[in-house]
Amino acid sequence: MGLIEKIDDLGKPAWIALTVLSFILFWPVGLALLIYLKGSGRMFCSKRYGQWNMPDGRACREEFRGWKRRQGWGRSGSSGNVAFDEYRQETLNRLDEEQREFRDFLDKLRAAKDRAEFDQFMADRRNRPATETPPAPSAS
């Protein structure tokens, strides 16, 4: 097992400690490590294909919203009514699922549109006439 895999097993705190230590010892190494972590998606979310995603493919916004909900940010943890709290949680879960399904549907639509445009391009390319060779210069 390589060094990177060992640090990955320890998690983000190990990467943070290594980055801070490398900045203390020799700042260019720390800067290079920070750029590597950002580029590889190990430390932060990365923007690929127009969306911010985690390395495992989850959307950062969804991950943050779920974390906020689990931590109880923005609202009190309980309304005092167990039935209402269960209903609210079920509704939020259902809405999250519908949002994911809709986002997946939009991704499939975009992929189908891209495929159709590419197929049209290839068909046009195949059907265009071959370019004529220029006539050879005549000796006069």
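Is E98 buried, exposed or partly exposed? At 39% relative accessibility, E98 counts as partly exposed. Keep in mind that this is a predicted model.

I'll talk about salt bridges today.

The partner of E98 is R94, with 3.2 Å between the closest N and O atoms. Both residues sit in helix 5, which covers residues 82–127. They are four residues apart, or about one turn of the helix.

Next, R100 and E97. Their side chains form a salt bridge at 3.1 Å, N to O. This pair also belongs to helix 5, and here the spacing is three residues, so about one helical turn separates R100 from E97. As for accessibility, R100 has a relative accessible area of 34%, which makes it partly exposed. E97 comes out at 36%, again partly exposed.

Further along the helix there is R115 with D119. The closest N and O atoms in this salt bridge are 3.7 Å apart, which falls within the 4 Å limit used for calling one. R115 and D119 are four residues apart in helix 5, so about one helical turn lies between them. D119 is partly exposed, at 39% relative accessibility.

Notes: Residues are numbered from 1 along each chain as its sequence is written. This is a predicted model: local features need pLDDT of at least 70, side-chain atom pairs count only at pLDDT 80 or more; totals for chains, interfaces and linings use all residues. Side-chain values use heavy atoms; hydrogens and water are left out. Helices (H or I, at least four residues) and strands (E, at least two) are DSSP runs, numbered from the N terminus. Buried means under 20% relative accessible area, exposed over 50%, partly exposed in between (1.4 Å probe, protein chains only).
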